[in-house]
Amino acid sequence: MDSKERYMTVTAVMAVTVLVALLALPCPARAQDTSRNFVKSVTMLDANGTDSLEAVQYCDGLGRPTVAVATVGSQGGTACTMTTYDGSGRERRRYVPVPGSGLGYMGESDVQAASYGFYTDGGGFTENHYDALNRVTAVDIAGDAWRQAGRRDRTVYLANTLADGVLHYEAPEDGTFSLTLPESTSFQYYPAGSLVKTVSRDADSTCVTVFTNLLGEKVLERTAAGDTYYVYNHLGQLRFVLTPAFEIISRSKAMFAYEYRYDYRGSVIEKILPGDMVTTYTYGMVDRLTGATPRRPA
């Protein structure tokens, strides 16, 4: 081994020794609990780094986010939120923000005490309820008044029936950018049991019903304002969004529908809004959006 090789070998050994020594040094964290898993982020608010926002996300032993603490305002105060889980690993409770103690970890009893002291309310959290398929069926709203009144968000999972009258639209990829109306398709209404029907009601009993096909695509959203249809092509690309006025007033695409057109790579190249306002999109060599040009058709 010549002198040059010996020098390189000694240098490498010294570098490894210094690295090991640095790794062995304690790295004090500024107020966060270093005995727990956490990710700390600092957002600089000026070029000199004298003003910043700090946030710490704590995780449990399974890597699930639990306590989140962040600085708020200009006086150095912090706010803390917490998420808890049930025995099946499902999200159970989510606490509303409470004043924190620096960036340190707060246990559930500490969060509950801080919540009652700040809001004078013992129900400062939302709580999920599940069915046997791990689907959320009800959410208790934060606040004792809501709980005492029995008010909560509820969700029911069903299958569609013929009485639901879900129309079947199609968007053929034949180069004409056309919309096929239900009476011109192979079946005018979706058969019973072919769609998942999800009925959601909030605490004020406002109802939203969503119908989803077996590919997970939302076909219809039904509210008190009317029916909004979503029409896809055979590639699963959203081609049309038909507003309630499309069925109530007139089946005019130009006036009451949103339309999306794609290139062969699946990128949106045109978006047509109700009233025939067209936005054209252009892309670079790696499919990054480079321009958006609004215009009205001639």
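## Close-up views of side-chain contacts and strand pairs

**View 1. Glutamate 108 counts as partly exposed, with a relative accessibility of 27%.** For this and later views, buried means under 20% relative accessible area, exposed means over 50%, and partly exposed lies in between (1.4 Å probe, protein chains only). This is a predicted model, in which local features need pLDDT of at least 70 and side-chain atom pairs count only at pLDDT 80 or more, while totals for chains, interfaces and linings use all residues. Residues are numbered from 1 along each chain as its sequence is written, and side-chain values use heavy atoms, leaving out hydrogens and water. Glutamate 108 meets arginine 93 in a salt bridge, N to O 3.7 Å (a side-chain nitrogen of Lys or Arg within 4 Å of a carboxyl oxygen of Asp or Glu). This pair links distant parts of the chain, 15 residues apart: arginine 93 belongs to strand β5 (residues 91-95) and glutamate 108 to helix α2 (residues 108-119). Helices (H or I, at least four residues) and strands (E, at least two) are DSSP runs, numbered from the N terminus. Arginine 93 counts as buried, at 14% relative accessibility.

**View 2. Glutamate 91 and arginine 94 join their side chains in a salt bridge, N to O 2.8 Å.** A search of the whole structure finds 21 salt bridges.

**View 3. Glutamate 259 and arginine 261 form a salt bridge, their closest N and O atoms 2.9 Å apart.** Glutamate 259 counts as buried, at 6% relative accessibility. Through shared partners, salt bridges join Glu173, Arg239, Glu259, Arg261, Glu270 and Arg295 into one network.

**View 4. Seven aromatic pairs are found in the structure.** Here, tyrosine 169 and tyrosine 229 have ring centres 5.2 Å apart and planes at 65°, so they make an edge-to-face pair. Tyrosine 169 sits in the loop between β9 (152-159) and β10 (196-201), and tyrosine 229 in strand β13 (residues 226-232), so the pair ties together parts 60 residues apart in sequence. Both tyrosine 169 and tyrosine 229 are buried. For phenylalanine 187 and tyrosine 190, ring centres 5.8 Å apart and planes at 70° also give an edge-to-face pair. Rings of Phe, Tyr and Trp (its six-membered ring) pair if their centres lie within 6.5 Å, with planes under 30 degrees apart stacked, over 60 edge-to-face and the rest tilted. Phenylalanine 187 is partly exposed at 32%, whereas tyrosine 190 is buried at 14%. Elsewhere, Phe38, Tyr58 and Tyr105 form one aromatic cluster.

**View 5. Arginine 64 places its charged end over the ring of tyrosine 85, 4.4 Å from the ring centre.** A charge sits over a ring if NZ of Lys or CZ of Arg is within 6 Å of the ring centre and within 35 degrees of the ring normal. Arginine 147 has its charged end over the ring of phenylalanine 125, 4.4 Å from the centre of that ring.

**View 6. Strands β15 (residues 257-262) and β16 (residues 268-273) run antiparallel, joined by four bridges.** Two strands pair if DSSP finds at least two bridges between them. Tyrosine 260 stands opposite lysine 271 in β16. This hairpin has five residues between its strands, and glycine 266 takes a positive phi near 85°.

**View 7. Four bridges also join β16 to the antiparallel strand β17 (residues 277-283).** Leucine 273 has methionine 277 in β17 as its bridge partner. Three residues separate β16 and β17 in their hairpin, and glycine 275 in the turn has a positive phi of about 95°.
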